[in-house]
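Hi,

Here is the structure I promised to pass on. Have a look at it first, and then read my notes below.

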Amino acid sequence: MKNKYTYVWVSLVILVFGIIFIPKIVDRVGSGTIVENDRMNLKDNNAELAYIYLNGKKRRVPSFEFIDQDSLLITDKDYLGKVYVVEFFFTSCPSICPIMTRNLVDLQETFKTSQDFGVASFTITPEYDTPMVLKQYAEKHGITNLDWHLMTGSQEAIYDLANKGFNIFVSEMPDAPGGFEHAGLFALIDKKGYLRSRVDEFGNPIIYYRGTITEEQGENSEGEKEQISILKKDIEKLLEE
């Protein structure tokens, strides 16, 4: 008998809950307020961009000092207060660099009304890529953002910045297209100079964004998906911080 009364009591509680609360839930769905008030109950690993850590410390952009396409001295401090994307490229690159530049121009146009967005492009062939050559490259590809600096200088300093500072691989390689091998990755930097990225499905920072696949292309022959669309969203998040 005790089990029977318990069952009846539980059933009554469920019935009362349904009568009182379900209409309210339906009203909230219809009005759209459930989206605003309950969205934080949903698991979203990309709600905030992660910091990148090294030896327990947040990774900052290493100090640098180079000459840009206008023969101006540019340092890492010139980018403080800006959200910007870092790349390593060279103007005579016959393979991935034109795609990377196209994607960066796309970002430039997406955020053309923002005064807080920039790009830092470092050439890995500084002996050839003089300020004049970089200026011609900028004009050819429609680079107009005043905070997009194409920089040249000591090859050793640039390679150290890439390989040690950002852990983005660059190297002279005679058998590679153009004689140089480099990763077609973009690094995203926040206004305070910290490396940031969204996280993957396991909660780990992706660290870098693929720069060699256009949004229009969607994915490459190896099945890797473009990341320019998510990079745009993540830039917007950092601009709002």
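What share of the contacts in the protein chain with a separation of 6 or more comes from residues 24 or more positions apart? The share is 70%, where a contact means heavy atoms within 4.5 Å.

Before the rest, a bit of housekeeping. This is a predicted model, in which local features need pLDDT of at least 70 and side-chain atom pairs count only at pLDDT 80 or more, while totals for chains, interfaces and linings use all residues. Residues are numbered from 1 along each chain as its sequence is written, and side-chain values use heavy atoms, with hydrogens and water left out.

The protein chain has six helices and 13 strands; these are DSSP runs (helices: H or I, at least four residues; strands: E, at least two), numbered from the N terminus. Of its 241 residues, 41% are buried, meaning under 20% relative accessible area (1.4 Å probe, protein chains only).

Now find helix α6, residues 228-240. Among the buried residues of α6 are I228, I230, L231, D234, I235 and L238. Their cover includes α3 (97-110), β6 (83-89) and β7 (117-123).

D234 has a partner, too: its side chain makes a polar contact of 2.9 Å with that of R198 (a pair of N or O atoms within 3.5 Å, one able to donate a hydrogen and the other to accept it; residues adjacent in sequence count only if both atoms are side-chain atoms). R198 sits in the loop between β12 and β13 and counts as buried because its relative accessible area is 11%.

Cheers

Methods: The expected span of a helix is 1.5 Å times one less than its number of residues. Buried means under 20% relative accessible area, exposed over 50%, partly exposed in between (1.4 Å probe, protein chains only).
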